[in-house]
Amino acid sequence: MQQENRPATESARPLPPAGWRSDSWRTPAVVLICGCLISMVGFGPRSTLGFFLTPMSHDQGWGREVFALSVAIQTLLYGAAQPFSGAIADRFGTVRVIIAGTLLYAAGIFMMAHAATPETLFLSSGVLIGFGLSGCSFNLVLSSFGKLLPESWRSLAFGAGTASGSFGQFLFSPLAVGLIDTLGWRTTLEVFAGLLLLIVPLAFAIATPRSDAPQTSLRSLRQDESQTSLRSLRQDDSQTSLRSLRQDESQTSVRSLRQDDSQTSVPSLRTAEAAPSATQIQNYKQALAEALGHRSYILLVLGFFTCGFQLGFVTLHLPSYLIDRGLSAEVGGWTLGVIGLFNIVGAMTSGWLGGHMPKRYILAVIYFARALAVVFLITMPASPAVALIYGAVTGLLWLSSVPPTAGLVAVMFGTRWMAMLFGIAFFSHQVGGFLGVYLGGLLYEHTGSYDIVWWLGVLFGVLSAVINLPIVEKPVARLATA
């Protein structure tokens, strides 16, 4: 049998896990584009729910707190399920999780269009959409970027994936207003449910491998002796031919490698197994213990609470707030659209800056500037110009906190359990979103005003700016040693 002459260094490369092969069509550009499209389509419908609050509550005879509670449940479940969906995606790959999440999300949107009771609304808008979002949101897209893209692409890709979600908000916000005016809110929800199914084929482009690489790599080495063990022996001892191996099998055969791996003198086998061990042998319990005992990670998680509080409240209640102050629904639609448009610039800039300056400073500036933007909105006389200026400034800061937050998780702990660890931070984000959404509806029904919630957002913004400053941006000792 003719043997191929390969470079000696080839055997030192860690083998990919079984069941995973590198598809030539999945270039970094394809992965980035398809991931961004998933973020755009997935974030769009959810960002428009505030436009359904007034017409749906009016037609069904509900107070604002009913619709607000359904979205609050959604927000909380979205965050609570995120660490679990992230851990499943880390362990078994992202494609199954994204497809399952998309189907739940689409089913919830469709069922929401036909909800006739508050309980049905809680099930559809709250439970189904909440669990669905945890499986197909930009969180898993960013995790896939971290695993599939070269490190030099990573920070900017985090920004692009986040910005794409906001571009979805920019597209879907005016679309929702127009469709509700022409087709009604029920048909609009049905249309959005159908559009969500576009995510299913896109998910295959950002599929990540299973995480059982250490065991599988060794198994594949043993199953394919002619391509691994013998090649490793050639590298270890350039004077030992295949003929001599066959003649003296008792000393250097592949069988001895299987029986006593600790005594073999084949360093390339050890290299192939040890290369991924520094990050891959850690199980999820060890990853959780390491993260939850890390002071900087706890500070990052606490600061992310504010992001959720502000975003959740503004997304759902800003259109109604502007209507209450005498502005039209179209102004609210364009304000949310402007937020989405400017966040493309903000998220991309944040992602780029994350590769050139400390990420903790970026987060501190974002949270403090958001507080100032809220003060501007609620203290200035109501006008379309004030609303759109607020939208532009807030858009620059909207999801720009996500790239540095995801980047800090990757820096501190690596990408092995990134989806799960970022999911925990995101749960804090969604707890804040739950409070922002529900308190907005509850306090409005009791006071007739959103002022208390606006000022809470200002307070949380200042506190989060301070909390992020002490974060230490360096790998944990485990990674530093590796």
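My entries below go from the overall picture to single residues.

**Ground rules**

I am working with a predicted model, so I keep in mind that local features need pLDDT of at least 70, that side-chain atom pairs count only at pLDDT 80 or more, and that totals for chains, interfaces and linings use all residues. Residues are numbered from 1 along each chain as its sequence is written, and side-chain values use heavy atoms, with hydrogens and water left out.

**Confidence**

I looked up pLDDT, the predictor's confidence in each residue, from 0 to 100. The protein has a mean pLDDT of 79, and 80% of its residues reach 70 or more. Residues 1-22 are below 50, and this stretch has 32 contacts in the model beyond near neighbours in sequence. I take contact to mean heavy atoms within 4.5 Å. Residues 249-279 also stay under 50 in pLDDT, and there the model has 44 contacts beyond four places in sequence.

**Overall build**

I counted secondary structure next and found 25 helices and zero strands. Both are DSSP runs numbered from the N terminus, helices being H or I with at least four residues and strands E with at least two.

How many of the residues count as buried? Of the 482 residues, 53% do. Here buried means under 20% relative accessible area, exposed means over 50%, and partly exposed is in between, using a 1.4 Å probe and protein chains only.

I also checked the contacts with a separation of 6 or more: residues 24 or more positions apart account for 84% of them. The protein exposes about 20100 Å², and carbon and sulfur atoms supply 64% of that. Areas come from the Shrake-Rupley method with a 1.4 Å probe, and for residues only the protein chains shown count as cover.

**Salt bridges**

I searched for salt bridges, meaning a side-chain nitrogen of Lys or Arg within 4 Å of a carboxyl oxygen of Asp or Glu. The structure holds two.

One of them joins the side chains of lysine 147 and aspartate 90, at 3.1 Å from N to O. Lysine 147 lies in helix H6 (residues 138-148) and aspartate 90 in helix H3 (residues 64-92), so this pair ties together parts that are 57 residues apart in sequence. Lysine 147 is partly exposed at 29% relative accessibility, while aspartate 90 is buried at 2%.

Then I found glutamate 473 with arginine 360, their closest N and O atoms being 3.2 Å apart. Glutamate 473 sits in the loop between helix H24 (451-468) and helix H25 (477-481), and arginine 360 in helix H20 (residues 359-379), so the pair ties together parts 113 residues apart in sequence. I noted glutamate 473 as partly exposed, with a relative accessible area of 24%, and arginine 360 as buried, with 18%.

**Cysteines**

How many disulfides are there? My search of the whole structure finds zero, taking a disulfide as a pair of cysteine sulfur atoms within 2.5 Å. Cysteine 34 is in no disulfide, and its nearest cysteine sulfur, that of cysteine 36, is 9.4 Å away. Cysteine 34 is buried, with a relative accessible area of 13%, and cysteine 36 is buried too, with 14%.

**A nonpolar patch**

On the surface I found a nonpolar patch formed by Leu341, Phe342, Val345 and Leu396, with about 300 Å² of accessible area together. Patches are made of residues with over 30% relative accessible area and no salt bridge; like charges are joined within 9 Å, and nonpolar side chains (Val, Leu, Ile, Met, Phe, Trp, Tyr) within 5 Å. Helix H19 (residues 329-354) gives the largest share, three residues. Leucine 396 belongs to helix H21 (residues 384-397) and is partly exposed at 35%.

Leaving aside neighbours within four places in sequence, threonine 394 is in contact with Ile339 and Ala373.

My last stop was phenylalanine 426, in helix H23 (residues 418-447). Is phenylalanine 426 buried or exposed? Phenylalanine 426 is buried, with a relative accessible area of 3%. Beyond its neighbours within four places in sequence, phenylalanine 426 is in contact with Tyr78, Gly79, Gln82, Phe138, Asn139 and Phe304. I also noted that the C-alpha atoms of phenylalanine 426 and threonine 405, 21 residues apart along the chain, are separated by 9.6 Å.
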